[in-house]
Structures are given as C-alpha cells and as structure tokens.
Amino acid sequence: SEMCIRDRLLSQLAFWLVMSHIWLFVLEEGRIGGLLFSLLMLVYTFAYGTRKMALILNSLILVGYLSVSYVAITHFGQPGDIRHELIVIAAYLPVSMFVGRVGSKLAIKKHYMRTLLEKQTQIQKELQDTLVKLDLAANTDELTSLINRREINRLLDYEYQKIQRNHSTASLVILDLDHFKLINDTYGHGGGDIVLQTTARLLSNEFRVTDSVARWGGEEFIVLMPDTNQAEALAVTKRVLAKLACTLIQYDHHSLRITASGGLCQLNQDIDIPTALNIADEALYKAKASGRNQVCLQDLTEQWIG
C-alpha cells in the first residue's frame with residue numbers, strides 16, 4: 001500500500017541521513033564521500049517513490065550535507081570551500097534525479113513482474129482448487145456424500161483389470177433399503193433423505209477402509225470389496241446389516257428403523273462386471289422375495305436372515 005511504501009521510505013531516509021553525517025564528521029576529506037553514499041542509497045529509495053518524493057528526499061539530503069559541511073569547515077577547522085560544496089551539489093542533483101528515475105523504471109518493471117507472478121500463482125492455486133472441487137462433485141453423490149455410480153463403475157473396471165492381471169478375487173454386494181417407499185409416503189421426502197443419509201454414514205463407517213461404498217441409485221447402494229472372497233464378504237455384510245437393523249433414525253420427533261436386503265457376487269477372471277452385477281441383482285431379488293433383511297449369495301443357495 002502507499003502508506004507502507006511511505007513509512008519504508010521515511011525510515012530509510014532517517015537511517016541514511018544518520019549514516020551520511022557520520023561520514024562527514026569522521027572523515028575530514030570525506031564529505032563528498034558521504035554525499036556519494038547518500039546518492040547510492042537514494043537511487044534505491046527513488047525506485048519506490050514518485051518524482052515529488054525524489055525531489056523532497058534529495059532536498060533533505062542536500063540540506064543536511066550543506067549544514068554538516070558548514071559546521072565542519074567553520075567550527076571544526078576542516079579544509080574546504082563552501083563554494084566548492086555548492087558546485088558539487090549543482091552536479092549532484094541532476095545526476096541523482098537521472099539515475100533515480102532510471103532505477104525507478106527498472107524497479108517498477110521488477111515490481112510489476114513480481115506482482116504478476118504472485119497473481120499468476122494465486123490464480124493457478126485457485127484453478128487447481130476449483131478443478132479438485134469439480135472432480136469431487138462429478139464423482140460424489142450430492143445427498144449422501146458417497147461416491148456416485150460413475151465413480152464406482154470406474155473402480156469396478158479398475159478392479160476387474162487387476163483381477164485379470166493378478167488372478168485375484170473381489171466381491172461386490174448390492175444393498176436395497178426395505179420398504180423405503182413407505183418411509184417416503186409416511187414422512188415425506190425429508191424423512192426419506194434423512195434415512196438415506198444415515199444409512200450412507202453407517203455403511204461408510206461399518207464397511208472396511210479398503211471397501212468402496214457408493215450410492216447406486218434411489219435407495220440402492222453398492223459395495224466393492226477388493227481382494228475379498230465370498231465368505232469374507234458375507235461375514236462383513238451380515239455384521240453391517242445387523243447394525244443397520246438396530247439403528248434408530250431420528251426425524252421430526254419420530255424414531256425410525258430401516259433394514260436392507262443384499263445380493264452378493266464374487267468377481268473372478270471368468271465373471272466380468274456386467275455379469276457380476278446381474279448375478280448380484282438376481283441375488284438381491286431373491287433376498288427381497290425371501291422376506292428381506294438378509295443377504296443372498298451368487299448361487300442363491302446360502303442366505304442369512306437378520
């Protein structure tokens with residue numbers, strides 16, 4: 001700001017006036033040296049000032065120089081001629097102004113480039129933050145803050161490629177909330193949203209860190225469990241569904257309960273993603289038809305009833 005520049009100039013001026021006067025008193029023949037010292041310092045000062053500021057600062061330096069020279073010659077007996085001092089001043093002032101203005105132009109360009117670089121860095125940072133937010137928004141379900149269908153499809157493709165390379169296995173489970181339409185009809189969409197958000201948080205917290213939980217659509221969720229066989233996935237899903245069934249959801253002075261049904265399928269080299277989704281969907285349908293609040297496996301022969 002202009003105030004900061006002014007304060008800095010004044011503090012520099014005070015320091016340089018003191019230093020130049022020390023030169024004048026300590027060195028008998030050093031008054032011109034003190035003047036040149038002041039000139040060099042003021043070149044830097046002018047670079048951050050205006051023409052008016054340069055004139056004021058030069059005038060102050062000259063007044064100080066003449067005063068000290070007069071005292072040094074008349075009272076301290078130092079050799080010198082005040083007329084000679086005036087000639088030096090006459091040469092000093094235009095040189096100082098010329099060099100100061102050249103330095104000012106260079107410093108203005110330097111300051112402009114530095115400011116431009118700082119703005120560019122700030123814009124680049126803001127752009128990067130915006131891109132991160134846009135990427136997050138594109139891959140996140142707005143209501144539940146889970147990853148969305150687009151992102152889980154990408155993860156499924158990635159996991160399938162890994163299975164092909166490493167001959168490993170993975171499991172996926174599709175979960176569907178039981179009687180969710182009744183929740184919406186009874187408590188409205190506000191109650192339905194609370195149920196979906198609470199379920200999403202519980203699934204995120206209860207499934208393992210290595211698992212990916214996504215909102216598949218509506219009241220359906222899908223969970224990808226890398227490096228997990230069917231038996232391990234079944235055990236984890238049992239525990240999560242049991243926890244969900246015991247959870248009270250508070251909405252508008254009402255305590256709601258919700259259960260979910262699931263269909264589970266194990267991925268391997270012989271089962272691609274579309275086939276696995278169809279198998280899990282059929283298993284989910286079987287779980288719904290068999291009484292809900294349970295998970296069925298891909299072969300439809302083993303169930304867990306909560």
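Colleague: How do you know that β1 and β3 pair?

Modeller: Seven bridges join strand β1 (residues 170-177) to β3, and the two run antiparallel. Pairing takes at least two bridges found by DSSP, so seven is enough. Within that pair, I174 stands opposite I222. Strands here are DSSP runs (E, at least two residues) and helices are runs of H or I, at least four, numbered from the N terminus. By the way, this is a predicted model: local features need pLDDT of at least 70, side-chain atom pairs count only at pLDDT 80 or more, and totals for chains, interfaces and linings use all residues. Residues are numbered from 1 along each chain as its sequence is written, and side-chain values use heavy atoms, with hydrogens and water left out.

Colleague: What makes β2 and β3 a hairpin?

Modeller: They have two residues between them, and G218 in the turn has a positive phi of about 60°. Five bridges join β2 (residues 212-217) to β3, again antiparallel, with R215 opposite F221.

Colleague: Why is β3 called largely enclosed?

Modeller: Because seven of its seven residues (220-226) are buried, meaning under 20% relative accessible area with a 1.4 Å probe, protein chains only (exposed is over 50%, partly exposed in between). E220, I222, L224 and P226 point one way, while F221, V223 and M225 point the other.
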